[in-house]
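Good morning. I will take you through one model this morning, a piece at a time. Please keep the picture open while I talk.

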Amino acid sequence: MDLIWEGLRKALELLLALDPEVLRITWLSLQVSGVATLISLALGLSVAVALALNEFPGKRLIIALLNTGMGLPPVVVGLFVTVLLWRNGPLGSLGILYTPSAMILAQAIIASPIIAGISLAALQHLPPGLRLQILALGASRPQMVWLLIKEARLPLLAAVMAGFGGVISEVGASIMVGGNIKGQTRVLTTATVMETGKGNFDVAIALSLILLVLAFSVNALLTHLQQRGRRP
Amino acid sequence: MTRERILEARDLTVHRGAVPVLDIPELDLRVGEVLALMGPNGAGKTTLMLTLAGLLAPSSGSVSFRGSVLQAKAGREAFRRRTTMVFQDPLLFDATVAQNIASGLKLRGLSATERKPKVEAWAQRLGLGALLDRPAHQLSGGEAQRTALARAFVLDPEILFLDEPFSALDPQAREELTGDLGHLLAETGTTAVIATHDQGEAARLAHRLAVMKEGRIIQRGGLRKVTNHPEDPFVAAFVGMETLLKGQVVDCGEGLFTMRVRKGTGSGEVMAPGEVRPGQTVLVGVRPEHVALSLHSDKGSSARNAFPGAVTKVIPRGPFFKIELDCGFFLTAFVTAQSLSELELRPGRPVVASFKATSVHLIRREGLGPEV
């Protein structure tokens, strides 16, 4: 027990001292996962809208693949992106392996199916006649899509939360494609793994606490947006 | 009085996969008229309505609005800006009543200041004045459908499509809303198409009826004509002509004929108006509201057709009671609560059912019969 209390005490010290290294790591985590979530939202929502509004052969197969994709193991994504970005790999010429861009790419691949899958379920859950009703009110197709998204805003924000939660907490892909390079690609999860490995439990606990608070704050903000104006 | 045609459908077909679900060679709608599409579930009312409203592309054929054919997507989109539709489900947005009523205006690019007076005026007209700020999910079924109607009327649509708008409501709300809609349609002179399987609703709202079955219109015409002169047994049953009698013409002349109907093990005679020939097999119908019940046959009455029989069933129908009778053939009559108690109507009670010859409607004649 002492180890934990000692760890917590030192962690608080580190946090209160606003250690520049800790701040940098936190900021990078937020940037990488935030950008990855935004990319996934744009991508995932577009795919969900296209799937929800169109009938075509093979649609069920795509939905099944999408749902499988919601559980993509981060290490598999990490491996795939590493191979892709390797010096003589297909995208090696970009030279972005072991940079935050590579981490954003990997995290976007992880979060996109999550956001697409939940968004699709959200859109499909809307009353079946709503689309026709919106068109009957005189909406153009873009206006119709926008109104549908607005109607599904609650579950869509849940999709964003799930996507962000998935990538801010993943470690496998970030370590593989980022390399946990100090000052460049070190994020909260990869730093926690490293510090724990070195036996620096106090630093690891401090980083974990930040991670928890961060995840909580972002979700609290999104929950606030989601539940705004809604009374029981 | 022939008014300008606002909507014309020609050779309209809709296929679902390879299955034809709609086949409408011709249908017109004139400015200011209310057309009711009637028929059982699956008759194609909704499919026809969606096609006419530009929400479903026909497999073949055309729909023209004010003389110009609706072309592909762009044409239907422009058309949808000038018409609107109310569905069975109110399909309100997750927003306040005011925002819901304003939604179509907003889609048309009206500013908040332009929208406000219109929204408030229509909320008042539909009795929603006090509910403007209420979230839609807190409304009762009737209030929600009123909001949907306000959202449609505020657009001042050139054609209003209503797809069974009240069939999900409880009887009281339905009654109120049918009355209110009738007033609004009359006051605004809105051209409308309403799908319903409720004969009473159609009778209160529509000028013309089109009865549908299996994707086709089997009879259409003025409200009174279709309800009183159904052309086939299906339409007769649908417009509430519950008693159908089949028999053979035994005598005719001067626009009136006598037919022999099977009555239990024997036979009885019914007088009816119509041009037929002796020997022809005919089918006639009698509306239940035209059948009078009494305890004794009244010789002095103008009713030419009187049949003693017995009550088999008493069914409450809103303010009326429907009485099913066995007079050797099946007959139904509507009576008021007062008559019900005065005549002590209950199953087994012997009564005399009578109806005027002019209340009998010739539906079909078969066979040529011998030349006279």
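β1(B) and strand β4 of chain B, residues 60–65, are joined by 5 bridges and run antiparallel. To find one of those bridges, look for R10(B), whose bridge partner in β4(B) is S62(B).

Before going on, a word on what this is. It is a predicted model, not an experimental one. Its scores are ipTM 0.83 and pTM 0.85. In chain B the mean pLDDT is 90, with 96% of the residues at 70 or more.

Which strand does β1 of chain B pair with over 10 bridges? That is β2(B): β1, residues 5–16, pairs with β2(B) in the antiparallel sense. One bridge there links L7(B) to L29(B), which sits in β2(B).

β4(B) and β5(B) run antiparallel and are joined by 2 bridges. F65(B) has S68(B) of β5(B) as its bridge partner. These two strands make a hairpin with 2 residues between them. In that turn, R66(B) has a positive phi of about 50°.Put together, this is an open sheet of 4 strands in chain B, in the order β2-β1-β4-β5, with antiparallel pairing. Which strands stand at its edges? They are β2, residues 19–30, and β5, residues 68–69, and each of them pairs on one side only.

A general point for reading any such sheet: in a regular strand, the side chains alternate between the two faces.

Chain B has another open sheet to look at. This one has 5 strands, in the order β13-β12-β11-β14-β20, and the pairing is again antiparallel. Why is one side of β13 and of β20 left without a neighbour in the sheet? β13, residues 266–273, and β20, residues 360–366, stand at the edges of the sheet in chain B and have a single partner strand each, so one side of each has no neighbour there. On average, neighbouring strands of this sheet are turned by 40° against each other, direction ignored.

Inside that sheet, take β11 and β14 of chain B. β11 covers residues 243–253 and β14 covers residues 281–286. They pair in the antiparallel sense over 6 bridges. For an example, L244(B) has G285(B) in β14(B) as its bridge partner.

Now the helices. In general, two packed helices are described by the angle between their axes and the distance between the axes.

In chain B, helix α3 runs over residues 97–107 and helix α4 over residues 112–125. They pack at an angle of about 125°, and their axes are 9 Å apart. α3(B) and α4(B) are therefore oblique to each other. The crossing of α3(B) past α4(B) is right-handed. Which residues make the contact? From α3(B) they are V97(B), A98(B), I101(B), A102(B), L105(B) and K106(B). From α4(B) they are R115(B), K118(B), V119(B), W122(B) and A123(B). By class, the residues of this contact are 8 nonpolar, no polar and 3 charged.

Next, chain A. Its secondary structure comes to 11 helices and 0 strands. Along its principal axes, the C-alpha trace of chain A spans about 65 × 55 × 25 Å.

Here too we can take a pair of helices. Helix α4 of chain A, residues 74–85, packs with helix α5 of chain A, residues 100–124, at an angle of about 135°. Their axes are 10 Å apart. α4(A) and α5(A) are therefore oblique to each other, and their crossing is right-handed. α4(A) brings P74(A), V77(A), G78(A), V81(A) and L85(A) to the contact. α5(A) brings A102(A), L105(A), A106(A), I109(A) and I110(A). How do these residues divide by class? The contact of α4(A) with α5(A) has 9 nonpolar residues, 1 polar and no charged.

Last, the place where the two chains meet. The contact takes 13 residues from chain A and 17 residues from chain B. On the side of chain A, the elements that give two or more residues are α6, residues 130–136, and α7, residues 141–151. Which element gives the most to that side? It is α6(A), with 5 residues. By class, the side of chain A that touches chain B has 7 nonpolar, 5 polar and 1 charged residues.

That is where I will stop. Thank you.

Key
Residues are numbered from 1 along each chain as its sequence is written. Chains are lettered from A and ligands numbered from 1 in the order in which they are written. This is a predicted model: local features need pLDDT of at least 70, side-chain atom pairs count only at pLDDT 80 or more; totals for chains, interfaces and linings use all residues. pLDDT is the predictor's confidence in each residue, from 0 to 100. Two residues are in contact if their C-beta atoms, placed from the backbone, lie within 7 Å. Ala, Val, Leu, Ile, Met, Phe, Trp, Tyr, Cys and Pro count as nonpolar, Asp, Glu, Lys and Arg as charged, and the others, Gly among them, as polar. Two strands pair if DSSP finds at least two bridges between them. Axes are lines fitted to C-alpha atoms, for helices over the stretch in contact, and angles run from 0 to 180 degrees between N-to-C directions. Angles under 35 degrees count as roughly parallel, over 145 as roughly antiparallel, 65 to 115 as roughly perpendicular and the rest as oblique. A crossing is left-handed if the near helix is turned anticlockwise from the far one by less than a right angle, and right-handed if clockwise.
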